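The report below looks at packing, at a sheet and at the surroundings of a ligand.

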Amino acid sequence: MSTSNQGFATLQVHAGVEPDPVTGAILTPIHQSTTYIQESVDKYLAKGYSYSRSANPNVRALERKLAILEGGVDACAFGTGMSAINATMMALLNAGDHAIVSDVAYGGTYRLATKIYSRFGVEFSFVDTASTAAVEAAIRPNTKLVLSETPANPTLKCTDIAGVSEVTARRGIPHAVDNTFLTPYYQRPLELGADVVIHSTTKYFDGHNATVGGGVVSRTEALHEAIAFVQNATGSIMSPQVAWLTLQGTKTLSVRMDQQSANALAIARFLEAHPKVEKVAYPGLDSFPQHELAKRQATGYGAMVWFEVQGGVAAGKAIMDSLALWSLAENLGSVESLVTHPVTMTHADVEEAERKRVGITDGLVRLSCGLEDAGDLIADLSQALEKV
Ligand SMILES: Cc1ncc(COP(=O)(O)O)c(C=O)c1O
């Protein structure tokens, strides 16, 4: 049993989950059932469940845990992080509305806005949300959502969550924050004034490259109900098995994040000192342009690093192809260390001019630092750098 005044490590293990009332099973058994038999017409929903699109015990356990860890009133879990972002947009935007989105964000967020929502008469401005003044200047009378991603994928640009939330609160505009890169263990947007927190649980919550999933935590009942309505109406739900696996991953979230972040710092320092590396970015480095903001609004810097090498794109690609312990793959946040080339992989749908404008260069190599020994990860990077 957990109470909300307990520490994060206790809550990540116990919050939201009750032993099975029938068997005492410590893990919520996987409730693989479409429907739930009702005792009588008058006692419809007496046990809380009717049909698995509307609610499922495994998914509810994860939703309760996400809400408690982020400090919100409730949460909805989705089949992917993208469906979490989609449900947030669908709940808050109508034809004729305008939304502000961080100019650096996961490529799928940009794709959803420019290729789907634009067809339904919603306008977007992709704004440098690192500048609170730029966000304020971009607000129009019909602005109904500000969506920031911080640190942003892949450049790690940070948004001042409290600063932007103060501006949006004054105008009555919901501020949604994609907190995928830091999780509530390191960064708690609702405490900084945001209204909605979005996650791709695919990343650190799962942490084991086993699932894709998403979550949205709301500050108010009204926001939660609007998002839950879209979830049920559109059927964008998480499956019981994915919820079960994500709950298992979440129990070790803080331990993994601390170790993966320590690895990231060691790797970033190694790269910074390497003569062939031209640029390296990690929010925990003193050289990171927003190091002070990162330090102020989060309790850790995360496990994402990027760098560029001498020799540009060709050399960057050669390094990615020469790595042996690091896997060339899309995803991040897992115990396995991954290397990604955003321009051809995660951000391929962002037009070249837009990528250049926001600093997603052709030579950018993105690292998601895993749980292996830092020495082995550095040795692999070192041998790959020797080859260029
Ligand atoms: C910051 C961020 N938000 C959202 C998503 C989308 O999540 P999913 O792949 O689970 O749909 C991603 C995916 O990489 C991401 O990096």
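Leaving aside neighbours within four places in sequence, W326 is in contact (heavy atoms within 4.5 Å) with residues including I267, L338, L367, S368 and D380. This is a predicted model, in which local features need pLDDT of at least 70 and side-chain atom pairs count only at pLDDT 80 or more, while totals for chains, interfaces and linings use all residues. Residues are numbered from 1 along each chain as its sequence is written, and side-chain values use heavy atoms, with hydrogens and water left out.

W326 is also among the residues with the most contacts inside the largest nonpolar core, which has 64 residues. Such a core is a set of buried Ala, Val, Leu, Ile, Met, Phe, Trp, Tyr and Cys residues joined through side-chain atoms within 4.5 Å, where buried means under 20% relative accessible area with a 1.4 Å probe, protein chains only.

Strand 11 (residues 338-340) and strand 12 (residues 365-368) pair in the antiparallel sense over three bridges, pairing requiring at least two DSSP bridges between two strands. Within this pair, L338 stands opposite S368.

| Protein atom | Distance to a ligand oxygen atom |
|---|---|
| M82, polar backbone atom | 2.9 Å |
| N153, polar side-chain atom | 2.9 Å |
| T202, side-chain N or O atom | 2.6 Å |

Conventions: Buried means under 20% relative accessible area, exposed over 50%, partly exposed in between (1.4 Å probe, protein chains only). Helices (H or I, at least four residues) and strands (E, at least two) are DSSP runs, numbered from the N terminus. A polar contact is a pair of N or O atoms within 3.5 Å; within protein, one must be able to donate a hydrogen and the other to accept it, and residues adjacent in sequence count only if both atoms are side-chain atoms.
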